[in-house]
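Hi,

Here is the structure I said I would pass on. Have a look first, and my notes follow below.

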Amino acid sequence: MPFTQVPSLLAATLLFIAVLAHPEPQHPKCRFSPLYTQSSILKNPDPFISSFLYWEGKFHANNISYNTLNGMTYDGTLIDPTTGIATIKHPFSAASKESLQIMLYTHVLAGSSDAARFLSPHDEKKAPEVAFNIVSLKLETYLGFNETFPGFGGFIPWFLADEKEIQPTADWVNRVPALDNGELLWAVYGLVHVLETSHDQRYRALAKNWQNWLDYTKSTVGKVFYNGGGRVCAVTTLNQSLHVNSPHQNYSCEGSGVLNDPYEGELFTWWLYFFGGLSRREKNLLWEVKRPQLVSVEYSMGDIGPITVQKGFWFSSHEQWKILEMPYTDVDLVKRLFYNAERVRTCNSVVTKVPGLYASVNNSTDPTTGDVIGYISAAGIPSISNQTKQELDVVTPYGVFPTVYFDKAVGLAWWKDMADGKKMQNPYGSSESARIDGTATSSFVSWDSKITTVIAVLGGVGNFVREKMKQDGIYKEFISVTRREHEAVFKNLKEEKVKLCLPNTKIPDRGLEDYTSCN
Ligand SMILES: *[C@@H]1O[C@H](CO)[C@@H](O)[C@H](O)[C@H]1NC(C)=O
Ligand SMILES: *[C@@H]1O[C@H](CO)[C@@H](O)[C@H](O)[C@H]1NC(C)=O
Ligand SMILES: *[C@@H]1O[C@H](CO)[C@@H](O)[C@H](O)[C@H]1NC(C)=O
Ligand SMILES: *[C@@H]1O[C@H](CO)[C@@H](O)[C@H](O)[C@H]1NC(C)=O
Ligand SMILES: *[C@@H]1O[C@H](CO)[C@@H](O)[C@H](O)[C@H]1NC(C)=O
Ligand SMILES: *[C@@H]1O[C@H](CO)[C@@H](O)[C@H](O)[C@H]1NC(C)=O
Ligand SMILES: *[C@@H]1O[C@H](CO)[C@@H](O)[C@H](O)[C@H]1NC(C)=O
């Protein structure tokens, strides 16, 4: 044997040993989560991530999470409580789900192999083509919708997606929400950056068309959503058949609802701030209206704390959505503050002995009707929230997404803790939610409860959005306003040396059976 082959033989042997130690099969088992130990994930999360992406990717299927006819998302689908196979889908969706889908494709189009593993695990090279075709079709659908319903000014209400031409759901005729559209707009902004900086001429052509749509929303956002005095309508009432500039068109805020939250709703505020054509005075008023909601609180429980965090509304993980989309963590104070939130989120569940993390989520499914019992908005950490009355009997895998954003290994250790519970994995990846007493789960799958975590694993789209903001000349102002608002409230962050906590309790086995098509 020539001497030169020895190192490669040694390398092959080491590789073989490494593969044995960290199985990373092409086709992982549907019920892969319990096969991993927490310590193996902490040592090297990559094999677990590979299995996670493979199975969450099964949600990305026609007639399950989207419609191949028009490229639009479906909200989610109920699954059979015994087999786990999809039964009745939600034919509707919203701009928030669209934002998750678009962020996913953005990573695929930027060449991420993790995103390709999600989208096209059997032939990762095909993933960009799949994503390109869907985002092309989706734009046609948006433009068709705008032609048919010009009153929305390009924005998207909750819609029915099961026919080629989408239309508002019955309860969103002549109405449109701001928050979800803010999530959508910055996702498209990141997408456009990736497309317009591509070498592929087709990508750049598509970028122009999407940019056109974005530009159109800039021209309408003030009219549709701005109510004067720094106030933004949370929901606007309008006449969807009339053109934006029709003399009979009448945009008005629904009820007294003002979008002024310092959480994910802020994405919309930024769009209006930068592109809505407001005067300097009006722009400052936007922040004056929002300012009272940005509050500093200290968390203490048992031996933990005090740890300084931003006061939550419920402290649901959902409230952190904005860090997935804009480069907030470029401001060091914000990064430290949001990291503190994950110290609190994870350690609170440990000291209160909860087997998972809290976020607003769909409740368990009713064993007789098969439908979800209701939506639990009030799920988070009451002691550091505006809303102190909460329902703390249900946890959800997507509670981990902001933790994952900062620390994949610790975040996924929490994801595993919940996914290990009976029925918490199904043929489309993770299930919606579980009761912490182990007596019930939700036989439902949705973009919010699954793909937020996928996007966090991919790092969010802040890196793409940052570059385009620089090009548009708005990045510095984003940083200085964000810094100004936070420095005024958070003077001295406490307990930045506390480690993120790891789960040490499990959802009890109370006799539920895993789905038969996932065991
Ligand atoms: C799509 O899903 C629904 C249930 O959500 C089912 O009734 C229908 O048969 C499916 N259609 C196709 C073409 O698979
Ligand atoms: C949306 O529709 C209006 C009214 O027909 C039109 O003026 C506008 O150009 C459309 N926007 C886009 C992006 O096509
Ligand atoms: C919207 O405008 C159309 C055309 O003027 C009119 O027929 C319709 O009644 C209006 N809808 C509402 C809800 O006002
Ligand atoms: C516009 O709509 C609001 C609420 O629907 C209504 O109170 C107001 O009178 C309308 N204004 C005009 C000019 O039609
Ligand atoms: C809960 O259900 C609603 C309505 O079907 C859906 O929009 C949402 O994404 C689901 N999940 C979460 C975590 O909100
Ligand atoms: C959630 O379901 C439980 C029963 O499993 C019920 O007691 C609780 O009231 C429900 N909460 C909501 C908000 O639907
Ligand atoms: C919740 O927020 C509202 C609006 O800022 C404020 O008026 C109220 O005092 C807050 N309540 C608590 C308990 O923080």
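Let me start inside one helix. Asp215 and Lys218 both sit in helix H8 (residues 201–225), and since they are 3 residues apart, about one helical turn separates them. Their side chains form a salt bridge, with the closest N and O atoms 3.2 Å apart. Keep in mind throughout that this is a predicted model.

Asp215 has 33% relative accessibility, so it counts as partly exposed. Lys218, at 18%, falls under the 20% cut-off and therefore counts as buried.

Now for a pair that reaches further along the chain. Lys322 and Glu266 make a salt bridge too, and their closest N and O atoms are 3.2 Å apart. Lys322 is in the loop between strand S12 (304–310) and helix H11 (332–351), while Glu266 belongs to helix H9 (residues 266–275), so this contact ties together parts that are 56 residues apart in sequence. Lys322 has a relative accessibility of 1% and so counts as buried; Glu266, at 5%, counts as buried as well.

Salt bridges with shared partners also link Lys416, Asp417, Asp420 and Lys506 into one network.

How many salt bridges does the structure hold? The count comes to 30. One of them joins the side chains of Asp514 and Arg31, at 2.9 Å from N to O. Asp514 lies in the segment after helix H16 (475–487) and Arg31 in the loop between helix H1 (5–21) and helix H2 (38–43), so the pair ties together parts that are 483 residues apart in sequence. Asp514 and Arg31 are both buried.

Last, the annotation. An unreviewed UniProt entry carries "domain: Endo-beta-1,2-glucanase SGL" over residues 72–519. In the model, that stretch is 41% helix and 12% strand, and its end C-alpha atoms are 31 Å apart.

Cheers

How values were computed. Residues numbered from 1 in each chain as written. Chains lettered and ligands numbered in written order. Predicted model: local features only at pLDDT ≥ 70, side-chain atom pairs only at ≥ 80, totals over all residues. Heavy atoms only, no water. Salt bridge = Lys/Arg side-chain N within 4 Å of Asp/Glu carboxyl O. Helix = DSSP H or I, 4+ residues; strand = E, 2+ residues; numbered from the N terminus. Buried < 20%, exposed > 50% of the residue type's maximum accessible area, 1.4 Å probe, protein only. UniProt positions renumbered as here; feature names shortened; annotations may be inferred.
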